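Please open the structure in a viewer and keep the sequence at hand.

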Amino acid sequence: MQSIENEDKRTRMTSKVAYDRSEEAPLLVCTTDEVISLVGCITTTAALIIQGMAKTNLMMYIAAISSIGCIVTMPMIRGIMSRMAPPEKQGSIFAGVAAVESFSSLFGTVVIGIIYDSTVTIYRGLTFLIWAGIGGVGIILSLILVMENRKRPTVIHTSQSNIVIKVDSSVTGE
């Protein structure tokens with residue numbers, strides 16, 4: 001009897017864990033972190049291309065509107081990395097990400113300034129197009145991550161209990 005009650009509790013907790021992702025963020029109900037980060041990379045790159053080719057104020061406003069997805073890219077990537085790392089390595093992961101972000105921000109500002117000074121007489125939007133090319137690398141890496149994520153089963157770890165749910169994507173049809 002005790003075993004049946006424990007199994008029943010596990011089943012209820014399993015279903016709660018499986019369906020409780022809607023409280024995290026509305027987009028996670030329909031898609032995955034990897035796809036959201038891919039969409040963020042695409043919108044960021046599109047905005048940079050529009051900025052690079054902008055000739056009017058309207059095109060700059062359109063670029064600003066199209067870059068709305070860039071906000072979600074880094075938080076989603078942090079979440080993906082957090083899921084991949086064991087709990088005892090989480091601090092190291094986030095420290096490494098913070099160091100790379102700081103270095104990239106400092107180094108990128110200097111390099112983009114030099115590129116802008118060198119190319120402003122040739123084509124004033126070339127800096128944005130080069131930056132979009134770098135964003136293209138992010139799109140490719142995100143696509144690889146999405147494809148790899150579809151190949152392996154989904155594993156959900158909870159902090160409330162020791163339940164691990166493995167979902168085979170071939171069974172769910174994804």
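Select Asp33 and Arg83 to begin: their side chains meet in a salt bridge, at 2.5 Å from N to O. A salt bridge here is a side-chain nitrogen of Lys or Arg within 4 Å of a carboxyl oxygen of Asp or Glu. The pair links distant parts of the chain, with Asp33 in helix H3 (residues 33–53) and Arg83 in helix H5 (residues 70–84), 50 residues apart.

The model is predicted: local features need pLDDT of at least 70 and side-chain atom pairs count only at pLDDT 80 or more, while totals for chains, interfaces and linings use all residues. Residues are numbered from 1 along each chain as its sequence is written, and side-chain values use heavy atoms, leaving out hydrogens and water.

Is Glu34 buried or exposed? At 1% relative accessibility, Glu34 counts as buried; buried means under 20% relative accessible area, exposed over 50%, and partly exposed in between (1.4 Å probe, protein chains only). Arg83 is partly exposed, at 42%.

Next, select Arg78 and Glu101, which form a salt bridge at 2.6 Å between the closest N and O atoms. Arg78 lies in helix H5 and Glu101 in helix H6 (residues 90–119).

Finally, display the whole chain, which has eight helices and two strands. Helices (H or I, at least four residues) and strands (E, at least two) are DSSP runs, numbered from the N terminus.
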